[in-house]
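Subject: Structure handover

Hi,

Here is the structure I promised to pass on. Please load it first, then read my notes below.

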Amino acid sequence: MLLSCFSLIFFPWLEGTAVLKGENQVHLKNWFIDEPIFPLAHGSLAACTSHCVTMDESMSMFYNGDAQKCICINTGYIKRPSALGQSVAGWNYYLILDERCYRESGYVYSKIFNSCYKLHPENISLSYADYSPICGNEGGELMKIDSEKKQQHIVDFLDQFQLSSWILFQGHHRTAELHWYYNDKSIMSYFNWHPTQPEKTLTYADEIIGMKRHDGYKWHDIWLYFKGAFLCERRILEY
């Protein structure tokens, strides 16, 4: 955990048991995106953070202390996208996180999906069988993408990384059977197949799902030996 990179500002959330906080991402200092989804607001850091955490789609914010200005953002950035935003002195960037998210660098929080999630980069020493245990050790599971809204949400998050590798998540199929399944054995009903997919081949008994940036994050059925980046997710339960 890179504690030297973060400064934490805590604010109690007034619904349920959640506590949301703004976490300063020092490595993204002096960067700013004028995103038209949310209007520019004014106030102290505390007032701006309280303002952004009340918005369901807000995952982060930019704040300028000298100008007492802020803007809420609907994506959580871990790195600065090369083609997005501009260098502007005086701006600081804060992720809005739920305290119940796993305390590990790289996780972001979505209030809409009530979950924390992270992209693990490709590691050629790992296999697909390793991905779920890694997510489990972080209190979650391999991500389940079960709607078009969530697919688009994750695409917006992934675009900052400009990956060329496969990106893997939940989805398993026995080639001799009809249905695709999530890890809990429930039947999948949402798919975002590439026009050429799924293929009707029986080369191996089992196949999984992956997507790549270069073809618009459309899904492909791939074999178990494929490797790539993978998405972990921890769903936040109300308790």
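Which element gives the most to the lining of the largest pocket? Helix α3 does, with four residues. Bear in mind that this is a predicted model.

The largest pocket has a volume of about 300 Å³. Its lining consists of 19 residues. Nearest the pocket centre lie Asn74, Thr75, Gln152, His153 and Asp156.

Helix α3 spans residues 148-158. Its buried residues are Lys150, Gln151, His153, Ile154, Val155, Phe157 and Leu158. An α-helix has 3.6 residues a turn, so residues three or four places apart point the same way.

**Confidence**

Mean pLDDT for the protein chain is 88. Of its residues, 90% reach 70 or more. Strand β13 has the highest confidence, with a mean of 98. Strand β1 (residues 8-12) has the lowest, with a mean of 45. Over residues 1-17, pLDDT stays under 50. For that stretch the model has 38 contacts beyond four places in sequence.

**Aromatic pairs**

The count of aromatic pairs comes to 21. Take Tyr190 and Trp219 as one of them. Their ring centres are 5.5 Å apart and their planes stand at 90°, so the pair is edge-to-face. The cut-off for that class is over 60 degrees. Tyr190 lies in the loop between β13 (180-181) and β14 (206-211), and Trp219 in strand β15 (residues 219-223), so the pair ties together parts that are 29 residues apart in sequence. Tyr190 and Trp219 are both buried.

Phe191 and Trp193 make a stacked pair. The distance is 5.4 Å centre to centre, with 10° between the planes. Are these two residues buried, exposed or partly exposed? Phe191 is partly exposed, at a relative accessible area of 26%. Trp193 is buried, at 19%. The cut-off for buried is under 20%.

There is also an aromatic cluster to look at. It is formed by Trp31, Phe32, Phe62, Tyr77, Trp91 and Tyr93.

Lys144 lies over the face of Tyr182, at 4.7 Å from the ring centre.

**Backbone points**

Where is the cis peptide bond that involves Pro198? The bond from Gln197 to Pro198 is cis, with omega near -5°. Pro198 sits in the loop between β13 and β14.

That loop also holds Lys185. Lys185 has a positive phi, near 80°, in a residue other than glycine. Lys185 is exposed, with a relative accessible area of 66%.

Asn30 has a positive phi too, of about 65°, although it is not a glycine. Asn30 is in the loop between β2 (19-24) and β3. At 30% relative accessibility, Asn30 is partly exposed.

Tyr131 belongs to helix α2 (residues 128-137). Tyr131 is buried, at 1% relative accessibility. What does Tyr131 contact beyond its neighbours within four places in sequence? Its contacts are Leu126, Leu142, Leu168, Lys227, Gly228 and Phe230. Tyr131 and Thr175 are 44 residues apart along the chain, and their C-alpha atoms are separated by 21 Å.

Asp34 is in the loop between β3 (31-32) and β4 (41-42). Asp34 is exposed, with a relative accessible area of 57%. From Asp34 to Leu224 the C-alpha separation is 42 Å, at 190 residues apart along the chain.

Best wishes

Conventions. Residues are numbered from 1 along each chain as its sequence is written. This is a predicted model: local features need pLDDT of at least 70, side-chain atom pairs count only at pLDDT 80 or more; totals for chains, interfaces and linings use all residues. Side-chain values use heavy atoms; hydrogens and water are left out. Rings of Phe, Tyr and Trp (its six-membered ring) pair if their centres lie within 6.5 Å; planes under 30 degrees apart count as stacked, over 60 as edge-to-face and the rest as tilted. Helices (H or I, at least four residues) and strands (E, at least two) are DSSP runs, numbered from the N terminus. Buried means under 20% relative accessible area, exposed over 50%, partly exposed in between (1.4 Å probe, protein chains only). A charge sits over a ring if NZ of Lys or CZ of Arg is within 6 Å of the ring centre and within 35 degrees of the ring normal. pLDDT is the predictor's confidence in each residue, from 0 to 100. Contact means heavy atoms within 4.5 Å. On a 1 Å grid over the protein atoms alone, a cavity is a set of points where a 1.4 Å probe fits but cannot get out, and a pocket is an open set with protein on both sides within 12 Å along at least five of seven lines; lining residues have an atom within 4 Å of a point. Grid points are joined across faces, edges and corners, and a volume is the space filled by probe spheres set on the points.
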